[in-house]
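User: I'm new to reading protein structures. Could you take me through the sheet in this one, and what lies beside it?

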Amino acid sequence: MKRVVVGLSGGVDSSVAAYLLQQQGYEVIGLFMKNWHDDSVTISNECPWLEDSNDALLVAEKLGIPFQTVDLSEQYQEKIVDYMFSEYEKGRTPNPDVLCNREIKFDVFMKIALSLGADYVATGHYCRKGEIEVNGEKVYQLLAGVDTNKDQSYFLCQLSQEQLAKSLFPIGELTKPEVREIAAQMELVTAEKKDSQGLCFIGKVRLPEFLQQKLQPKEGEIIQIFKNDPIYSYEMQNELTVEEQLLFASRKLPYAPKMGKLMGKHQGAHYFTVGQRKGLNVGGTTDPLFVIATDVETNTIYTGLSSMHPGLFKSALFIEKSEVHWIRKDLALTNGETMNIMARIRYRQPLQKATLHQFESGMYISFEEPQSAITEGQFAAWYMDDELIGSGVIS
C-alpha cells in the first residue's frame, strides 16, 4: 500500500485531496506546516495559523488519518522572508508563492514526508501531472488544472522532474464547485471556508507594514512622465541583430526626474511595483496614475496617466541564463534556437502568444502583443498547449 503525506493547510482543497487519496486506496497522513509566527504584522488579532491548524486537525479526525504539525518557520525565514526583503530592497517584486512551492512544500516538506516513509507528497493545487516516455526515459509533465478559472500550474512553475516524480495533485481533474460539493457531502468542516488570500505564508499581512520592519521609510519624489515624451518615439535601427533588437525592446528605459512633472512624495520606492495604482495618494489627475518604473538608487517613482500609458508596455523580456528553468529538460533550447510558445507573466493572466529566443547570455521572450507591467523579480512561465514546460525570473 503506497503511503502519501498530504499538506493539510486547513483549506477545502487540501481536505478534499486527502479524502480522494483515501478513496483511491492510499495510506494517507496529514501534515500541517506552521511557517509563520510573528503576530506583530498580521492585520487582525485573530491568529490565522492556529485556526487553520485546528481545521486541518478536524479534517484529519473526520477522515480517520494520522495528523501532525511541523514547524518550518526557521527555513521559512531564511528561504522566503529574507529573500523577499532582499528582492524588494533591490527594487524587484518577488513572488513568494512560487518560491514557497519550490523551496518549502516540495523541498523541505517533501524531505520530511519521505523520512516518514512516504512514497508521495500531495497538495490541493489545481493542476495535473502527466507521464510520457522520451527516448525510453520516463518524463513527468506539469499540466494545467481542468478548472481553467482556478488553474494553479503557474505557482508550480519552478518544480523539477525529481519533485514532480514524488508529487500527486488529486483535485486537478475537478472544478472548484465540485471540490466544495465533495467537502459538503463528507461534512468536512472546511466545506464553506473562504479561499485564503494574501501571501502564502503570512496569512493576512499588510505588505508595506511587513516590509517596513526591515526597509526604512525614506521620502522621495513621484514624477509623472507624459505619454508623448521623446523617450517613447525612438526608431529601431535596421542593422541591429535579433539579439540587439530584443535587448532594446526589453531594456529598462532611462528615466530621469527632470523629464517629468513632480506630483508628490512617497515613503520609499521599494514599497512600489510596476503597474501599481493604489497607494500613491496623488489626487487631481484626470485618469488614475500608474507606476511605470521605480528607481531605488535615487528613490524615485515614475508614473504615467491611465492604464494605456506607453511606459507600461514592452514587447519583450529577458531571463538571465542561470534563472532559466526547464521542467521539460528534453525540450530545452540551445544557443541560437527559438520556440513558439504561450506565456504568462503573472498568475491568472490569460496565456499570450510569444517566442523564446535562447542566446549565450540568457533567454528572451518576445510577445506578439506588447505586455503591460512586466515586473522584475516575477516569474514568466511558458506552455505548450496545457503543459507548463519552463519558467524563469524576469530580470
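Analyst: Happy to! Keep in mind that this is a predicted model. Let's begin with the sheet, which is open and has 5 strands in the order β3-β2-β1-β4-β7, with parallel pairing. At its edges stand β3, residues 67-71, and β7, residues 167-168. Each of these two has a single partner strand, so one side of each is left without a neighbour in the sheet. As background, the strands of a sheet pair through backbone hydrogen bonds, and the pairing can be parallel or antiparallel.

Strand β4, made of residues 120-122, is joined to β7 by 2 bridges, and the two run parallel.

Next, the helix. Helix α1 covers residues 12-23 and lies across β1 (3-7), β2 (27-34), β4 and β7. Its direction makes an angle of about 170 degrees with β1.

Last, a word on cysteines. How many disulfides does the model have? The count is 0, taking a disulfide as a pair of cysteine sulfur atoms within 2.5 Å. Cys127 is in no disulfide, as the nearest cysteine sulfur, belonging to Cys157, is 11 Å away. The search from Cys157 leads back to the sulfur of Cys127, again 11 Å away, and Cys157 is in no disulfide either. Are these two residues buried or exposed? Cys127 has 0% relative accessibility, so it counts as buried. Cys157 is buried too, because its relative accessible area is 0%, and buried here means under 20%.

Technical notes: Residues numbered from 1 in each chain as written. Predicted model: local features only at pLDDT ≥ 70, side-chain atom pairs only at ≥ 80, totals over all residues. Heavy atoms only, no water. Pairing = 2+ DSSP bridges. Helix = DSSP H or I, 4+ residues; strand = E, 2+ residues; numbered from the N terminus. Contact = heavy atoms within 4.5 Å. Axes fitted to C-alpha atoms, helices over the stretch in contact; angles between N-to-C directions. Buried < 20%, exposed > 50% of the residue type's maximum accessible area, 1.4 Å probe, protein only.
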